[in-house]
Amino acid sequence: MFYEQRMTVPDSPAALRTAYEADLRSVIDQYGPDEIANRTEIDAETASALLEGESPELTLEAVAQIQALEDGEPDADELVMIACEHLLLGMSTAVLDVDAIETEL
């Protein structure tokens, strides 16, 4: 899921978001929007919208709360910490070509 360190990614940010949303839909489908609302800070309307294929804006914390409901997953706070650590690690080890970035800007 979103907190796992990836060695490969889909071809576009939209494809990556689609993959993440499919994982979230699986959890919401298992519990139902009302139970998601009862067990997380996400309201039932947002959970329903995601379940129906919409792409609502969600915070990292909200996504972690949904994902933490899955069996065998760490709690939401730990998921957020892991995701942030992987992001920082990736940013600290990335090789950046300043000239290439300047050209793109």
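How many salt bridges does the structure hold? The structure holds 3 salt bridges. A salt bridge is a side-chain nitrogen of Lys or Arg within 4 Å of a carboxyl oxygen of Asp or Glu. This is a predicted model, where local features need pLDDT of at least 70, side-chain atom pairs count only at pLDDT 80 or more, and totals for chains, interfaces and linings use all residues. Residues are numbered from 1 along each chain as its sequence is written, and side-chain values use heavy atoms, with hydrogens and water left out.

**View 1. The protein chain is built from 6 helices and 0 strands.** Helices (H or I, at least four residues) and strands (E, at least two) are DSSP runs, numbered from the N terminus. Read along the sequence, the pattern is α-α-α-α-α-α. The protein chain has 105 residues, and 30% of them are buried. Buried means under 20% relative accessible area, exposed means over 50%, and partly exposed lies in between (1.4 Å probe, protein chains only).

**View 2. Arg-17 and Glu-21 form a salt bridge.** The closest N and O atoms are 2.8 Å apart. Side chains of opposite charge can pair when their charged atoms come close. Both residues belong to helix 1 (residues 13–31). Why are they separated by about one helical turn? Because Glu-21 and Arg-17 are 4 residues apart in this helix. Glu-21 counts as buried because its relative accessibility is 8%. Arg-17 is partly exposed, because its relative accessible area is 37%.

**View 3. Arg-25 forms a salt bridge with Glu-21.** Here the closest N and O atoms are 3.8 Å apart. Arg-25 and Glu-21 both lie in helix 1, with 4 residues, or about one turn of the helix, between their positions. Buried or exposed: which describes Arg-25 and Glu-21? Both are buried.

**View 4. The side chain of Arg-25 also meets backbone oxygens.** Arg-25 sits in helix 1. A polar atom of its side chain lies 2.6 Å from the backbone oxygen of Leu-50. The backbone oxygen of Glu-54 lies 3.4 Å from a polar atom of the Arg-25 side chain. These are polar contacts: pairs of N or O atoms within 3.5 Å, where, within protein, one must be able to donate a hydrogen and the other to accept it, and residues adjacent in sequence count only if both atoms are side-chain atoms.

**View 5. Glu-35 and Arg-39 meet in a salt bridge.** The distance from N to O is 3.8 Å. The two residues are separated by about one helical turn, because they are 4 residues apart in helix 2. Glu-35 counts as partly exposed because its relative accessibility is 30%. Arg-39 also counts as partly exposed, because its value is 46%. Elsewhere, salt bridges that share partners join Arg-17, Glu-21 and Arg-25 into one network.

**View 6. Thr-40 sits in a loop between two helices.** The loop runs between helix 2 (33–39) and helix 3 (44–51). Thr-40 is buried, because its relative accessible area is 11%. What lies 2.6 Å from a polar atom of the Thr-40 side chain? The backbone oxygen of Ile-36 does. The backbone nitrogen of Ile-42 lies 3.1 Å from a polar atom of that side chain.

**View 7. Glu-70 is found in the loop between helix 4 (60–67) and helix 5.** Glu-70 is partly exposed, because its relative accessible area is 22%. Glu-70 and Tyr-31 are 39 residues apart along the chain. Their C-alpha atoms are separated by 9.6 Å.

**View 8. Five residues form a negative surface patch: Glu-41, Glu-61, Asp-75, Asp-77 and Glu-78.** Patches are made of residues with over 30% relative accessible area and no salt bridge; like charges are joined within 9 Å, and nonpolar side chains (Val, Leu, Ile, Met, Phe, Trp, Tyr) within 5 Å. Asp and Glu count as negative. Glu-78 has its place in helix 5 (residues 76–93). Glu-78 counts as partly exposed because its relative accessibility is 36%.

**View 9. Leu-87, Leu-88 and Met-91 form a nonpolar patch on the surface.** Together they have about 340 Å² of accessible area. Accessible areas come from the Shrake-Rupley method with a 1.4 Å probe. Leu-88 is found in helix 5. Leu-88 is exposed, because its relative accessible area is 57%.

Technical notes. Charge placed at Lys NZ, Arg CZ, Asp CG, Glu CD.
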